[in-house]
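Good morning, and thank you for joining this group meeting.

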Amino acid sequence: MSHLRQLATTTTPLAKAPTVPGGLTATVPRQLVHRASVAETFLTDWAAIDADRFTVTAQWPRAHQLHVSPDRSAHEPLLVAETVRQAGSLLAHTAYDVPLGHQFVLRELRVTTRPEHLAVGAVPAEPVLHVTVTDLDHRGGRPAGFRYDTDVRIGGELVATASIAAIWTSEPVYRRLRGGRTAATVSALPVPPGLPPAVVDRALPADVVLARSDRPDRWQLRVDTAHAVFFDHPLDHIPGMLLLEAARQAVRALPGNGGRTPVSFRAVFHQYAELDRPTWIEATETADASGTAVQVVGRQEESAVFECEVGTEER
């Protein structure tokens, strides 16, 4: 929730503070959304409407290394995904009493955006998320996971819908599941040279997550653990948002995509993507209800670690 810090008194008289429309705004504690950086914390407040229904407020930056288009004209669809992900973490800790030390595992993510309403304005956008928890799982009498649906609105206008399924485990259970693998004991593979940034609609080479392979529809995932957004804090596996960005970039890099841009993501995460194993991203053009889509699969050895159908539209 919003927090105001009391100013220390001084002997110098202070001028009366101007009235701030809508009150003062601060981000929620970063620990509640599993971020180390305040700059990567997008949520500002939350409130319960009734049982399993909530309102969450956020603020989106006008410029961002990843989540705003290189020309700073539009918010990226994956900013919606990250904001909705953060909302689930926030509500799990605050509304369902999940301890801060628990580890979250993303199982499914679906996001559909309306790009015409994602333009960057003269001030930071302040979306309102209407969240409904539809399926709360229990284990041993305690919440162990949930599915939630979200409508994202700006100024009352619907800009996106989303649905996420996630589970969480205690730190000891998580460590047993991971077989002792930790951020300190597992090192990522060397980072291969990336595609030209313009090919994947990125401004900086450091933000390119795909490297060439021997096929035009297949790329090696570049896992740079020094990347300040994807690896906001040390991890023992490849984060889901990096895999989603790989799907986004695969659409851009796929030969003959006709200048189409991603507007929706339907992803399933099958297992942990390990830092110390090569990850291969494969893309195939398909069709969805609205037209052209791209099916993206991430593989390690013979196993699919995630699959994502990316809906597209003409730029």
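This is a predicted model: local features need pLDDT of at least 70, side-chain atom pairs count only at pLDDT 80 or more; totals for chains, interfaces and linings use all residues.

**Domains and salt bridges**

The centres of domain 1 and domain 2, taken over C-alpha atoms, are separated by 21 Å. The contact, meaning heavy atoms within 4.5 Å, takes 28 residues from domain 1 and 29 residues from domain 2. The domain assignment of the protein chain places domain 1 at 30–175 and domain 2 at 181–313; such bounds come from an automatic or database domain assignment.

Residues are numbered from 1 along each chain as its sequence is written, and side-chain values use heavy atoms, with hydrogens and water left out.

Let me turn to the interface. The size of an interface is often given as the accessible area lost when the parts come together. Here the buried area, that is, the accessible area (1.4 Å probe) that two parts lose on being put together, summed over both, is about 2,500 Å² between domain 1 and domain 2. Carbon and sulfur atoms give 55% of that area. On the side of domain 1, Gln65, Leu66 and Leu78 supply 26% of the area buried against domain 2, more than any other three residues.

How many residue pairs are in polar contact between domain 1 and domain 2? The count is 15, with both residues at pLDDT 80 or more. A polar contact is a pair of N or O atoms within 3.5 Å; within protein, one must be able to donate a hydrogen and the other to accept it, and residues adjacent in sequence count only if both atoms are side-chain atoms. Helix H1 (77–95), strand S3 and helix H2 (171–177) each give two or more residues to the side of domain 1 that touches domain 2. The largest share of that side, nine residues, comes from S3. Helices (H or I, at least four residues) and strands (E, at least two) are DSSP runs, numbered from the N terminus.

I now come to the charged pairs. A salt bridge is a side-chain nitrogen of Lys or Arg within 4 Å of a carboxyl oxygen of Asp or Glu. By this rule the count comes to 22 salt bridges, and the count between domain 1 and domain 2 is three. Arg248 and Glu76 form a salt bridge, with their closest N and O atoms 3.2 Å apart.

Glu108 pairs with Arg147 in a salt bridge at 3.3 Å between the closest N and O atoms. This pair links distant parts of the chain, 39 residues apart: Glu108 lies in strand S3 (residues 103–113) and Arg147 in strand S5 (residues 142–154). Glu108 is partly exposed at 24% relative accessible area, and Arg147 is partly exposed at 26%. For reference, buried means under 20% relative accessible area, exposed over 50%, and partly exposed in between (1.4 Å probe, protein chains only).

Glu116 and Arg114 also meet in a salt bridge, at 3.7 Å from N to O. Glu116 counts as exposed at 53%, whereas Arg114 is partly exposed at 31%.

Finally, Glu171, Arg175, Arg178, Arg181, Asp236, Glu274 and Asp276 are linked in a network of salt bridges.
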